[in-house]
Amino acid sequence: MLSVILMPVAAIHVLSYLTRDIYANFDPLAIGRVLLPRNDFQGLLRKELFYIDQAKTQHDPCGWSEFWELRQKSVMGLLAKTKIDLSELRLPPDKRDRSAAACCPLCYAEYRSGFNRCSDCSINLKPYE
Ligand SMILES: [Zn+2]
């Protein structure tokens, strides 16, 4: 705030000074539920669940398993409150390109045959059936 008082030019950013901590203690998913369109929010949930699943299956030398259990419980609670079905989130997307053979389960990018990993997410693709 001192910089705003001493430098009038900095007053342009006064709003960011006043609001930068406004969501500091909120869960990003809870904010996403309020601010994002439903499809974007579901994408955010899908990614969060994917990362939780990944973290829970990996070797855990630092003892994060309790955190991931609580995180999963929190996300499941949010799913229940928002009436979003978990199986709906795990469904593959509708095929947009006829030549697509697989899609990324996270970003839903489609790939032709011969590709095994998403170039953006670096995860294995799910083949269309
Ligand atoms: Zn991807």
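1. Two strands are taken to pair if DSSP finds at least two bridges between them; helices (H or I, at least four residues) and strands (E, at least two) are DSSP runs, numbered from the N terminus. The model is predicted: local features need pLDDT of at least 70, side-chain atom pairs count only at pLDDT 80 or more, and totals for chains, interfaces and linings use all residues. Residues are numbered from 1 along each chain as its sequence is written, and side-chain values use heavy atoms, with hydrogens and water left out.

2. The three strands form an open sheet in the order β2-β1-β3, with antiparallel pairing. Its edge strands, β2 (110–111) and β3 (126–127), each pair on one side only. Between β1 (residues 102–103) and β3 there are two bridges in the antiparallel sense; alanine 102 stands opposite proline 127 in β3.

3. The protein chain holds six helices and three strands, arranged from the N terminus as α-α-α-α-α-α-β-β-β. Its radius of gyration (over C-alpha atoms) is 20 Å, well over the 14 Å that the globule rule (2.2 Å times the number of residues to the power 0.38) gives for 129 residues, so the protein chain is more spread out than a compact globule. Along the principal axes, the C-alpha atoms of the protein chain fill a box of roughly 65 × 35 × 35 Å.

4. Among contacts (heavy atoms within 4.5 Å) with a separation of 6 or more, 37% join residues 24 or more positions apart.
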